[in-house]
Amino acid sequence: SRGGGGGSKSSERQSRYGAWKGRSRECLWYGSLSGGAVTGTSIVDDLIVDDGVRDRGHRLAVYEPGYKVAGVAAGGHSVFGDMLAIEFAGEFVEDGGAVEARRISGPPDGGGVGAAGGGGG
């Protein structure tokens, strides 16, 4: 997994908002969401094609039968314009209190995902 702000790992970021079980993985997509040309379908297509990624890790994550749930968030990125994070897990039980606290307080210190690489993570 890619390091986030403050050096956090994807499993640590997932655990902030609940409990995951089984396998987990994070896929990152970078690009521009403005103009309407990019859709959820086209982003998933990009991850499946996984052009330029030697191990095809995004494709493997999308098709991994052990992942039963996914969460998605999109936001701005200082280098690539926009980014989208997809968190996959075998199971996830949300901690409603932690989610609400995050909504109120905003991102954690050093928040956000690092700018390593392009085209996905």
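Here are some friendly notes on the predicted model above, point by point.

1. **Ground rules.** The model is predicted, so local features need pLDDT of at least 70 and side-chain atom pairs count only at pLDDT 80 or more, while totals for chains, interfaces and linings use all residues. Residues are numbered from 1 along each chain as its sequence is written, and side-chain values use heavy atoms, with hydrogens and water left out.

2. **The sheet.** Three strands make an open, antiparallel sheet in the order β1-β3-β2. Helices (H or I, at least four residues) and strands (E, at least two) are DSSP runs, numbered from the N terminus, and two strands pair if DSSP finds at least two bridges between them. The edges belong to β1 (18-31) and β2 (69-77); each has a single partner strand, so one side of each is left without a neighbour in the sheet. From one strand to the next, the twist averages 20°. Angles here run from 0 to 180 degrees between N-to-C directions, with axes fitted as lines to C-alpha atoms, for helices over the stretch in contact.

3. **The hairpin.** β2 and β3 form a hairpin with three residues between them. Nine bridges join β2 to strand β3 (residues 81-94) in the antiparallel sense.

4. **The core.** Which residues make up the largest nonpolar core? There are nine: C27, W29, I43, L47, A61, Y67, L84, I86 and F88. Such a core is a set of buried Ala, Val, Leu, Ile, Met, Phe, Trp, Tyr and Cys residues joined through side-chain atoms within 4.5 Å. Buried means under 20% relative accessible area, exposed over 50%, and partly exposed in between (1.4 Å probe, protein chains only). β1, α2 and β3 are the elements that give two or more residues to this core, and β3 gives the most, with three. Leaving aside neighbours within four places in sequence, L84 is in contact with C27, L28, W29, I43, V72, A73 and A74.

5. **An aromatic pair.** Rings of Phe, Tyr and Trp (its six-membered ring) pair if their centres lie within 6.5 Å; planes under 30 degrees apart count as stacked, over 60 as edge-to-face and the rest as tilted. By this rule the count is two aromatic pairs. One of them is the tilted pair of Y30 and F80, at 4.7 Å centre to centre with 40° between the planes. Y30 lies in strand β1 and F80 in the loop between β2 and β3, so the pair ties together parts that are 50 residues apart in sequence. Y30 is buried at 6% relative accessible area, whereas F80 is partly exposed at 29%.

6. **Q14.** The side chain of Q14 makes a polar contact with that of S24 (3.3 Å). A polar contact is a pair of N or O atoms within 3.5 Å; within protein, one must be able to donate a hydrogen and the other to accept it, and residues adjacent in sequence count only if both atoms are side-chain atoms.

7. **G22.** This residue of strand β1 counts as exposed, at 59% relative accessibility. The C-alpha atoms of G22 and A89 are separated by 6.7 Å, with the two residues 67 apart along the chain.

Note on methods. Contact = heavy atoms within 4.5 Å.
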